[in-house]
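Here's a protein model to explore. Take a moment to look it over, and then we'll walk through some of its parts together.

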Amino acid sequence: MSTRHRNRKVSATTIGIMLVVVAAITLEATSLVQYYYSKRGIREEASLRAETQLESTENKIMDIIDQTEAAVRNSVWIARWCLDYPDSLASVCARIVMDNPVVMGSTVSLVPGYDRQRPLFAPYVFVKDSSLIYHTLATPEYDYPSKEWFTKPIEKDGGYWSEPYVDTGGGEVLMTTFSIPIKDEKGVTAAVLTADISLDWLTDLVGNIRVYPNANSLMISRTGRFMVSKNRELVMQKTVGEVVEQIRDNKSFIELNRAMLAGETGNMALVFQGEKSYVYYRPVERTGWSMCIVIPEDDIFGQIRRIDLLVKLFQLLGLAMLILILRSFFKNQSKYKELDQRRERMQRELQIASNIQMSMVPTVFPERTDLDMAATLVPAKEVGGDLYDFFIRDDKLFFCIGDVSGKGIPASLVMAVTRTSFRNVAARQDRPGLIVSAMNDSLSSMNENNMFVTFFCGVLDLKNGYLRFCNAGHNPPLLLTDNIRKLKVEPNLPLGIILGMDYVEQEIPFRYDDALLLYTDGLTEAENTRHEQFGEDRLRAALHGRKEAVAHLETIKQHISVFVDGAPQSDDLTMLFIHYRGEKETVPRHLTLHNDIAQISRLPGFIRSVTAERNISPELLNNLNLALEEAVSNIILYAYPKGTDGVVEIVARADRNTLVFILSDSGKEFDPTAKEEVDISAGVAERAIGGLGIHLVRSIMDSIRYERKDGKNILILTKHI
Amino acid sequence: MEVNITRKEKELVVHLSGRLDTPASQEIMPQMAELAQEAGDTIILDCTDLSYISSSGLRIFLTLRKAAAEKGGRIIVRNISNEIRGVFMMTGFLNLFEIQ
């Protein structure tokens with residue numbers, strides 16, 4: 001792995017981490033803001049709830065307080081009026097108790113010494129079990145003048161609520177007393193009128209303030225004594241100050257105590273045993289009492305904390321998922337990168353393979369006056385299965401074209417093998433039939449993938465223009481003479497199919513200016529977007545006129561390009577153009593005979609002239625003469641109706657190894673090769689008189705071929721020498 | 001093409017000289033038809049000076065041979081050149097004729 005790549009990977013990871021961090025910060029900030037405002041709202045709501053409760057509780061208390069005070073104050077005038085008749089004072093008390101259900105007991109206690117006859121006088125009326133009981137407080141044990149409820153109102157010269165106290169007279173009842181001084185007409189304080197009220201309801205009222213499930217409420221007196229507390233042991237037994245002393249780190253408690261004792265209204269936070277609570281406190285007017293509600297923080301914020309916890313959990317989950325997604329994304333990213341690199345590498349290798357393949361086909365053409373060549377190979381993919389090749393040896397042009405079945409890399413490998421095989425075999429073999437047979441054997445013997453090659457191989461003798469060729473399943477090349485026509489080829493099987501197959505070789509004389517276009521089916525089967533094929537007719541049209549080989553191929557390419565009109569190339573396209581421009585024949589080797597049997601005598605001279613440059617045996621000369629005579633005499637005697645004039649054209653071509661005679665006539669169609677072979681082993685009696693002529697031609701020549709073309713009989717006789 | 005026929009009792013010597021090609025065969029055909037009448041005897045085809053023979057010439061030889069076979073005569077081919085021997089070989093005539 002390259003350094004560049006590693007760096008990129010690191011930076012990708014960094015980006016991933018940054019993404020996660022940013023997401024985390026954003027989420028956390030959002031939730032913090034939300035939490036803060038929610039908390040503030042909840043806090044405000046809690047305050048509102050606590051304060052409302054406190055206020056309504058105070059109102060309820062004040063109702064009782066006011067009732068009590070009113071009951072007492074309303075009786076002041078009558079008590080004052082009764083001062084002169086102290087014995088009637090008890091009835092004043094009874095009236096108060098009876099008229100006011102909240103009042104449990106009442107007294108009018110005279111100031112000691114006010115009535116000379118009664119130094120101490122304090123009738124006391126109270127309710128017990130729904131009946132009024134008359135009692136006196138003027139006992140030496142009780143010593144009422146020293147009591148707070150007696151001294152304080154006189155001292156204050158106004159109504160006074162006593163410190164709550166526990167009355168043990170009729171069960172343990174928390175009581176408080178409202179006292180008011182009574183003055184006579186002279187303005188002398190004469191007595192104190194009181195009303196006792198039970199504070200049991202207070203315990204219920206305050207104790208039942210339940211703003212939150214775990215909230216506590218308590219009430220203290222002006223001296224800081226517990227009046228209401230969920231901790232009953234404290235009630236009336238301890239002061240807040242005493243309890244606070246036992247608390248460590250009690251600063252906030254001391255402050256709370258002070259504020260409550262000072263009758264302030266407010267709230268503060270307390271931490272007790274690691275638990276934070278909010279305290280809302282408020283005094284009760286005139287009584288000097290103060291109450292407070294203690295709400296554990298968890299009660300207020302528990303819900304939002306749980307929600308916040310849930311939100312945080314979701315955030316974490318989200319972040320975890322984000323990390324996972326990013327991780328898999330980056331992992332895939334690197335996987336894709338790896339795939340990309342692999343693809344790139346394959347592409348590079350394919351390009352190299354393509355270059356190698358292209359370098360296997362020759363692109364430099366022989367610079368000869370007798371030959372004009374051009375070739376092109378355009379694979380549909382980077383590499384293909386088409387091939388062409390050529391080289392010149394011993395003044396002979398060896399050439400071939402081939403098309404491997406299939407496309408792509410497998411085809412290209414077979415193409416390379418085929419081309420190598422061609423070079424190897426053709427290096428020492430002149431006959432295309434043998435070249436193709438040998439190549440077929442070598443390809444068949446190692447063809448395990450059943451790939452085959454259509455192949456056309458030709459050997460053009462540049463000295464005399466004589467062309468031998470062998471076709472192995474390839475499409476026939478186009479022959480350009482004074483017209484354009486398909487070269488007549490034996491179909492044969494493609495290479496690589498049957499081991500040991502003999503391939504038929506063919507031959508044809510090339511004249512000056514004849515040309516051959518070899519191509520693969522990618523040319524005629526080139527498709528346009530409408531799936532029409534280029535076809536042979538368009539190819540012929542593109543070949544119209546005579547020009548340089550290169551120009552011909554360029555024209556064809558242009559025609560194809562216009563035809564396909566941008567449709568993608570589906571098959572390899574290969575062309576090889578061979579234009580023979582050998583020396584024009586100086587000695588015409590043509591002989592024209594009329595349909596007169598006497599013309600036969602012209603044959604020996606013609607044959608001598610044709611073979612003049614060759615060192616051939618008298619026997620062969622004799623035989624050639626014989627074969628030609630047999631063939632010609634057949635035509636002269638039988639081709640034309642008696643009495644009509646006709647000719648036999650003979651063209652002879654000779655190279656170092658081969659003699660070819662092409663006989664043509666315009667007579668009636670007659671194929672001498674179709675004649676049955678004569679039985680030369682038959683005895684005298686059975687021996688047929690006829691058939692010897694064609695038998696001789698067959699025996700003497702190496703090949704005899706008949707064609708009927710353009711109303712002509714054409715007989716091609718070939719002899720290898 | 002020249003044909004000379006000489007008779008020695010029951011032996012006819014036919015001296016062929018020149019090229020026995022298609023036109024020559026046509027030319028000597030009547031003469032040869034006459035000769036076939038005497039195929040009951042021994043006919044010696046002297047080919048010493050015969051330089052060439054085509055299928056039409058061979059046909060004449062074969063016609064004589066068939067006549068001889070019918071009439072119980074003999075055909076002897078004498079002194080053929082290598083070229084003509086080759087032609088005889090190709091056509092299976094070496095087996096049909098008595099060659100000296």
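Predicted model: local features only at pLDDT ≥ 70, side-chain atom pairs only at ≥ 80, totals over all residues.

If you take the contacts in chain A with a separation of 6 or more, 63% of them come from residues 24 or more positions apart.

**An open sheet**

In which order do the 5 strands of the open sheet in chain A line up? The order is 9-8-12-11-10, and the pairing is antiparallel.

From one strand to the next, the twist averages 30°. Helix 5 (residues 200-207) of chain A touches strand 8 (216-220), strand 9 and strand 12 (289-296) of chain A, and its direction makes about 75° with that of strand 9. Helix 8 (residues 297-360) of chain A touches strand 11 and strand 12 of chain A, and its direction makes about 35° with that of strand 12.

Now zoom in on strand 11 (residues 275-284) of chain A, which pairs with strand 10 of chain A. Is strand 11 of chain A largely enclosed or open? It is largely enclosed by the rest of the structure, because 8 of its 10 residues are buried. Towards strand 12 of chain A, A:Tyr280 stands opposite A:Ile293.

**Strand pairs side by side**

| Strand pair (chain A) | Bridges | An opposite pair of residues |
|---|---|---|
| strand 11 and strand 12 | 8 bridges | A:Tyr280 and A:Ile293 |
| strand 26 and strand 27 | 7 bridges | A:Glu707 and A:Ile714 |

Most residues other than glycine have a negative phi, and most peptide bonds are trans. That makes a few residues here worth a look.

The hairpin of strand 10 and strand 11 of chain A has 2 residues between the strands, and A:Gln273 takes a positive phi near 50° there. The hairpin of strand 11 and strand 12 of chain A has 4 residues between the strands, with A:Arg286 at a positive phi near 65°. In the hairpin of strand 26 and strand 27 of chain A, with 2 residues between the strands, A:Asp710 has a positive phi near 50°.

A:Met236 also has a positive phi, near 65°. You'll find A:Met236 in the loop between strand 9 and helix 6 (240-245) of chain A. Is A:Met236 partly exposed or buried? With 19 other C-beta atoms within 10 Å, it is partly exposed, since being buried takes 20 or more.

**Two packed helices**

Helix 15 (residues 618-638) and helix 16 (residues 692-700) of chain A pack at an angle of about 140°, with their axes 9 Å apart. The two helices are therefore oblique to each other. Their crossing is left-handed. Residues making the contact include A:Leu624 and A:Ala627 of helix 15 and A:Ile694 and A:Val697 of helix 16. By class, the contact has 8 nonpolar, 3 polar and 1 charged residues.

**One buried residue**

Finally, find A:Ile180 in strand 6 (residues 173-183) of chain A. It counts as buried because it has 22 C-beta neighbours inside 10 Å. A:Gly159 is 21 residues away from A:Ile180 in sequence, yet their C-alpha atoms are 4.3 Å apart in space. Among the residues A:Ile180 touches are A:Val72, A:Pro153, A:Gly159 and A:Leu193.

How values were computed
Residues numbered from 1 in each chain as written. Chains lettered and ligands numbered in written order. Pairing = 2+ DSSP bridges. Axes fitted to C-alpha atoms, helices over the stretch in contact; angles between N-to-C directions. Contact = placed C-beta atoms within 7 Å. Parallel < 35°, antiparallel > 145°, perpendicular 65-115°, else oblique. Left-handed = near helix turned anticlockwise from the far one by under 90°. Nonpolar A, V, L, I, M, F, W, Y, C, P; charged D, E, K, R; others polar. Buried ≥ 20, exposed ≤ 12 C-beta atoms within 10 Å, placed from the backbone. Lists of a residue's contacts leave out its neighbours within four places in sequence.
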